[in-house]
Amino acid sequence: SCHEDGRAESGQDLAKHHHPIKHPHIPQLVDFPAAIVDDALHGLVRADPRLRILKGHRVVVRSDIDTFKQDHVCIISGGGSGHEPAHVGYIGDGMLAAAVAGDVFASPPTSAVLAAIRACAGPKGVLLVVKNYTGDRLNFGLAVEQARFEGLLVDMVIVGDDCALPREKSKAGRRGLAGTVLMHKVLGAMAEAGRDLASLSNAAAHLSRGLGTAGVALSPCQVPGRQPSFHLEPGTCGIGVGIHGESGAAEIPFTSASAICRDLLDIMLNQGKIANRAYMTQPQRNVSRYALLINNLGATSQLELGVAAMAALDHLIEDVGVFVPRVYMGTFMTSMNMAGVSLTLLDLDALPAEALEQWLDAPTTAPAWPGPTLLGGTKQFVVRRDEPPITVPAPHSSEAEETTALQRTPSEISYSTDLLGKAIKGACEALFSGEPELSRLDAIVGDGDCGTTMTEGARSVLEQLQVGRLALHNPAQLLQQLATIAQENMGGTSGAVYSIFFAAASSCLNDRDVVRAPLASLVTMALTAGIDAVMKYGGAQQGDRTMLDVLVPLHHYLDRHGSAEQPIDVGAVATLVEEASHATADMNATCGRSSYVPDHLLRGHPDPGARAVAMWVQGALHRHPRR
Ligand SMILES: Nc1ncnc2c1ncn2[C@@H]1O[C@H](COP(=O)(O)OP(=O)(O)O)[C@@H](O)[C@H]1O
Ligand SMILES: O=C(CO)COP(=O)(O)O
Ligand SMILES: [Mg+2]
Ligand SMILES: [Mn+2]
């Protein structure tokens, strides 16, 4: 957590709770992996008096926000960390008013986004520019709903500029990549010039249609404290990468810089051999005009960026025959320390009746926006070359250790706070011991943060349990508390999904006479409501390879067996969740981050969110299968 004066909790403070870095493969300038985001924000704000941190949140705002918001629409962006300089580097006149940072590769919790909106909300309103990831959509979306309920003027636009993944592969839609920074620039300049909230949202919709990005990985990335994000065979590269250390849509032999850059552009412009995506409109020879952004994914030398610029301009101008009057080259949005680049094209005629150059050229004080732009692109500057080779009562506490809350028959008792406390403790502990497996799996099928996100949640729940603050006597209130913990301490898709799950479960129990209901049927009711809400907001169903693939079978089982006048067979439940979670290993992913990973790479590895459900259910039942 951070202090109002801009001092973040230091690495030394955090040392009390977290482990220092274990010997990494490559040394990294990090004291404590868990403190990396706070330490980095701390450093940044100390170095720049134009910025300050909102107390208690990883939110950076312009220091003069209170006066600034009186006569400007404030643009807020954010998302997981690990993409620096995005998004804090874009705070300044003519770009962003604030940035919300999550843990590395994990969306910030809803509460942080809400704090940013509250700080920036003035008479002109707030526009959230959000990259299209499930966690971000949910956490920023929930904050918008809550802010509107508070009467604040706020709108949200989602950016999805990725061109590399086939449309059919994912229900999640195009990923938000480096093109987001061009959105920040154009929308920020318009806000600076006094345009209103509605016209900014409208412009954003047009812009996203003219925006495309595709990237190549030459190495995996390494998040401190974790394993390298994937393995690349020597001589190969990952084409169609995102910004979360993914291996890409396909692993291909590395031929030459020019060939790879050409492929990236062809993917975007639907040209040549890779003409199967069609996200951007077809370029028109001697007519179409683009801004080109060459983005370092984190560990690429400036020399290599220059080579990429040469290759990209050469292909666009000579082969495709289009104009490229604006070129931006540098480090805009990274995948931690991945070697590689992404290329972004913005159709300069994407906005009806506006010259986009005007907005791109408008001055900004944001430190990460490159100074003067290169006015590349008239034909004579490009030399054609040969291709180089290359609530409720009655505490019961005299139970035998092995008895679990669900095991008692409904007629015996409906509720035991003592057993419930033990079940919660067991659930949390199972997540702690399962953390290495969750981290490993999410590194393969996602972006590696699932283990830490789940243990962050478990740690907060245990803390509240230990100090007696959990409302064990009142199921509705307890579930509300769990929702709040997920919302404030977890982040990521998991944080948002669990927050929605517990909040909906809580509201459904609120209205009911929970005193007499058998515990198992309470659980069934809560699961019904929770699952429905997760499906509604997250858009996933059974079979999409998510945690729902364990929650739904669990719900079916309890629904069938929960009201009978006999104890639930906890062994059977433990086996059921174990098997259901492992069954996800053979599923194709159509939702969430795994839908960006080729199916053959997912094969054999179960979904981490599904495994996490199996772990905490087994922990709550005190049944631990040998792992
Ligand atoms: N739309 C969705 N609805 C429900 N669960 C989802 C959805 N998308 C992803 N998940 C679950 O979230 C898990 C990943 O959690 P986490 O690592 O926090 O996500 P991310 O890194 O994508 O934000 C997945 O393994 C999956 O079980
Ligand atoms: O890093 C992120 C996007 O910027 C985080 O998104 P998720 O929470 O969906 O992983
Ligand atoms: Mg993540
Ligand atoms: Mn993840």
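Some housekeeping comes before the tour. Residues are numbered from 1 along each chain as its sequence is written, and chains are lettered from A and ligands numbered from 1 in the order in which they are written. Since we're looking at a prediction, local features need pLDDT of at least 70 and side-chain atom pairs count only at pLDDT 80 or more, while totals for chains, interfaces and linings use all residues; side-chain values use heavy atoms, with hydrogens and water left out.

Let's start with the whole protein. There are 19 helices and 12 strands in it, taken as DSSP runs numbered from the N terminus (helices are H or I with at least four residues, strands are E with at least two). Of the 627 residues, 60% count as buried, where buried means under 20% relative accessible area, exposed means over 50%, and partly exposed is in between (1.4 Å probe, protein chains only). The accessible surface comes to about 24800 Å², and 55% of that belongs to carbon and sulfur atoms. Areas here come from the Shrake-Rupley method with a 1.4 Å probe, and for residues only the protein chains shown count as cover.

Now for the sheet that holds strand 1. It's an open sheet of 6 strands in the order 1-2-4-3-5-6, with mixed pairing; two strands pair if DSSP finds at least two bridges between them. Strand 1 (51-53) and strand 6 (154-159) sit at the edges, each pairing on one side only. Neighbouring strands are turned by 20° against each other on average, direction ignored. For angles like this, axes are lines fitted to C-alpha atoms, for helices over the stretch in contact, and values run from 0 to 180 degrees between N-to-C directions.

Come in through the loop between helix 2 (36-47) and strand 1, where you'll find D48. D48 counts as buried because its relative accessibility is 11%. Its side chain reaches the backbone nitrogen of R50 at 2.9 Å. That's a polar contact, meaning a pair of N or O atoms within 3.5 Å; within protein, one must be able to donate a hydrogen and the other to accept it, and residues adjacent in sequence count only if both atoms are side-chain atoms.

From there, strand 1 pairs with strand 2 in the antiparallel sense over 3 bridges, with L51 standing opposite R62 in strand 2. The hairpin these two strands make has 5 residues between the strands, and G56 takes a positive phi near 80° in it. In a regular strand the side chains alternate between the two faces of the sheet. Strand 2 (residues 59-62) is covered on both faces: V59 and V61 on one side, V60 and R62 on the other, are all buried. Next along, strand 2 runs antiparallel to strand 4 and is joined to it by 3 bridges, with V61 opposite A98.

V126 has V154 as its bridge partner in strand 6. Helix 5 (residues 134-149) packs on this sheet, touching strand 3 (74-81), strand 4 (98-104), strand 5 and strand 6, and its direction makes about 165° with that of strand 6. Contact here means heavy atoms within 4.5 Å.

The other sheet is also open, with 6 strands in the order 9-8-7-12-10-11 and mixed pairing. Its edge strands are strand 9 (250-253) and strand 11 (323-330), and its twist averages 20° from one strand to the next. Strand 7 (residues 211-217) and strand 8 (residues 236-239) run antiparallel, joined by 2 bridges, and V216 stands opposite I239. Helix 6 (residues 179-192) lies across strand 7, strand 10 (289-296), strand 11 and strand 12 (340-347), at about 140° to strand 7.

On to the ligands. Of the 15 residues around ligand 2, S107, K131, D136, H244 and R593 come nearest; a residue is near a molecule if one of its heavy atoms lies within 4 Å of it. Oxygen atoms of ligand 2 lie 2.9 Å from a polar side-chain atom of H83, 3.1 Å from a backbone N or O atom of G135 and 2.4 Å from a polar side-chain atom of R593. Taken alone, ligand 2 exposes 310 Å², and the protein buries 98% of that.

R593 turns up again at ligand 1, with a polar side-chain atom 3.1 Å from a ligand oxygen. D607 has a side-chain N or O atom 2.5 Å from an oxygen of ligand 1. The protein buries 97% of the 570 Å² that ligand 1 exposes when taken alone.
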